[in-house]
Amino acid sequence: MQTNFTPEQLQDPHIAVANQILRKCVHCGFCTATCPTYVLLGDELDSPRGRIYLIKNMLERGEAATSETVKHIDRCLSCLACMTTCPSGVHYMHLIDDARAHVEKTYRRPLFERLLRDLLAFLMTRPALFRTALGLSRLAQPLAPVLEKLGEKHLKAMLELAPKVPPEPETMGRPGVYPAQGKTRMRVALLRGCVQSILDPAINAAAIRLMNRNGIEVVVSEGETCCGSLTHHMGKEADALARARRMIDGWREANVERVIITASGCGTTVKDYGHMLRLDPAYAGKAERISAMTRDISEFLIEIGLPKIVPPRALRVAYHSACSMQHGQKIRTEPRRLLEQAGFEVTDIPEGHLCCGSAGTYNILQPEIATRLRDRKIANINSVTPAVIATGNIGCITQIGQATEIPILHTVELLDWAHGGYEPRVLRESSKG
Ligand code: SF4
Ligand code: SF4
């Protein structure tokens, strides 16, 4: 694609990167076929190619974003299916991240939108407050139909996303050091995840048990904050970078060989710290090193190898590969391999490349599209009649789980159970019912 930035504009390192990315796009349009918003809405401006044009025009003009451009950028899930499909290697993720930052700097959103986005960024990055907000949302759930009648879809979506049953409390996963059983093979840090640690603390507990049993000492840092993923995807760059720096400092102090992540959305961001902080001389090198030592739990379990076992119960598992897992981190075979090695029958889900509509705060900010994608995903899951759904991202668990009776849980919970841990709560409850 031809670009027309002035030499002065290209002095800005963000524009220089955007220029390189834009120039790789050859307009072929292959990406449109796998873009969930284009598949649903059929509008070129809601396809990757259309958005690339809008972003190019917005950045070239160097002016404030227009409401039309913002509408189509906001509708992008950042699912990155387009990056998987693109034959020219267009790094859409870095382009849309810069576009969102430009929108955040130059565009004044309507008051309600501003307040909603600020509220989400504030609440979801503060676990104690988030826990309180979830409790209140549970109490207010009977009001959801009233909100629908009033046409208030965002608040309704917020209420409905709160799990109907509060999670069982877990002590494992709180800040501290969890020693390896037997000889210590490695010391790693585990990211708790600000949303995941509240919505489903059993996930990190399962990951710690499984790693400890296999000779891994696990550190959960005291001063952990949100990794920055949430505000990064809202274009709130200063906040995201400040959080990334704090995480990097904490992990360096913990003196670990790996950073292990159980929420693939967070993993995609931490693996990108090197790029995000490349312009900060004090942190560029450190960020690069942290990104290089970061692993999704499934990658790490393949790396250390798990012993052969007798599976606890034959189960047909539909594996839902989160977008951040398959497109963001390109992790496609590892979770499935681990589940099969543990004795589960694993089945793929048709249209597995399409997002479930979770995408961070997308299901609250764009509830109509998110609900259509969720329902399409559930219909595809139903078509393979699984006993259980496994995935590697808390956002997908919440999004899909709110509208299906099929138990859904994190891959590592099944693996921990198969390797001598507890039977996951959703399975215990479903076998009772
Ligand atoms: S990130 Fe996803 S929604 Fe956004 S343009 Fe790419 S494929 Fe479409
Ligand atoms: S597939 Fe890649 S090169 Fe083709 S239009 Fe999409 S982003 Fe551009």
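Predicted model: local features only at pLDDT ≥ 70, side-chain atom pairs only at ≥ 80, totals over all residues.

On one side I found 14 residues of domain 1, in contact with 13 residues of domain 2. On the domain 1 side, α3 (36–41) and α6 each bring at least two residues. I noted α3 as the source of the largest share, with 4 residues. By class, this side of domain 1 holds 8 nonpolar, 4 polar and 2 charged residues.

**Entry 1: ligand 1.** Which residues come nearest to ligand 1? I found Cys 35, Pro 48, Cys 76, Cys 79 and Cys 82, out of 13 residues around this ligand. The helices α3, α4 and α6 each give at least two residues to the shell. Sorted by class, I get 10 nonpolar, 2 polar and 1 charged residues around ligand 1.

**Entry 2: ligand 2.** I then moved to ligand 2, which has 15 residues around it. The closest are Cys 25, Cys 28, Cys 31, Cys 86 and Ser 88. The most come from α4, which supplies 3 residues. The class tally around ligand 2 is 10 nonpolar, 4 polar and 1 charged residues.

**Entry 3: the sheet.** I traced an open sheet of 5 strands in the order β1-β3-β2-β4-β5, and its pairing is mixed. Which strands stand at the edges? They are β1 (176–178) and β5 (294–296); each has a single partner strand, so one side of each has no neighbour in the sheet. On average, neighbouring strands are turned by 30° against each other, direction ignored.

I looked more closely at one pair. Strand β2 (residues 186–191) runs parallel to strand β4 (residues 258–261), and 4 bridges join them. Within the sheet, Leu 190 sits opposite Ile 260 in β4. I also found helix α13 (residues 202–213) packed on the sheet, where it touches β1, β2 and β3 (216–220). The direction of α13 makes about 150° with that of β3.

**Entry 4: helix α11.** I checked which residues of α11 (residues 153–161) are buried, and Lys 156, Ala 157, Met 158 and Leu 161 are. I made a point of writing down that a lysine, Lys 156, is one of them. These buried residues pack against α9 (127–140), α10 (144–149), α22 (362–365), α23 and α24 (394–401).

**Entry 5: Pro 386.** My last stop was Pro 386, in the loop between α23 (367–382) and β8 (388–391). Is Pro 386 buried or exposed? I count Pro 386 as buried, because 22 C-beta neighbours lie inside 10 Å and the cut-off for buried is 20 or more. Leaving out residues up to four places away in sequence, Pro 386 touches Arg 316, Val 317, Ala 318, Thr 347, Ile 381 and Ile 406. I also looked up Pro 386 against Asp 97: they are 289 residues apart in sequence and 36 Å apart in space, C-alpha to C-alpha.

Conventions
Residues numbered from 1 in each chain as written. Chains lettered and ligands numbered in written order. Buried ≥ 20, exposed ≤ 12 C-beta atoms within 10 Å, placed from the backbone. Contact = placed C-beta atoms within 7 Å. Near = placed C-beta within 6 Å. Nonpolar A, V, L, I, M, F, W, Y, C, P; charged D, E, K, R; others polar. Pairing = 2+ DSSP bridges. Axes fitted to C-alpha atoms, helices over the stretch in contact; angles between N-to-C directions.
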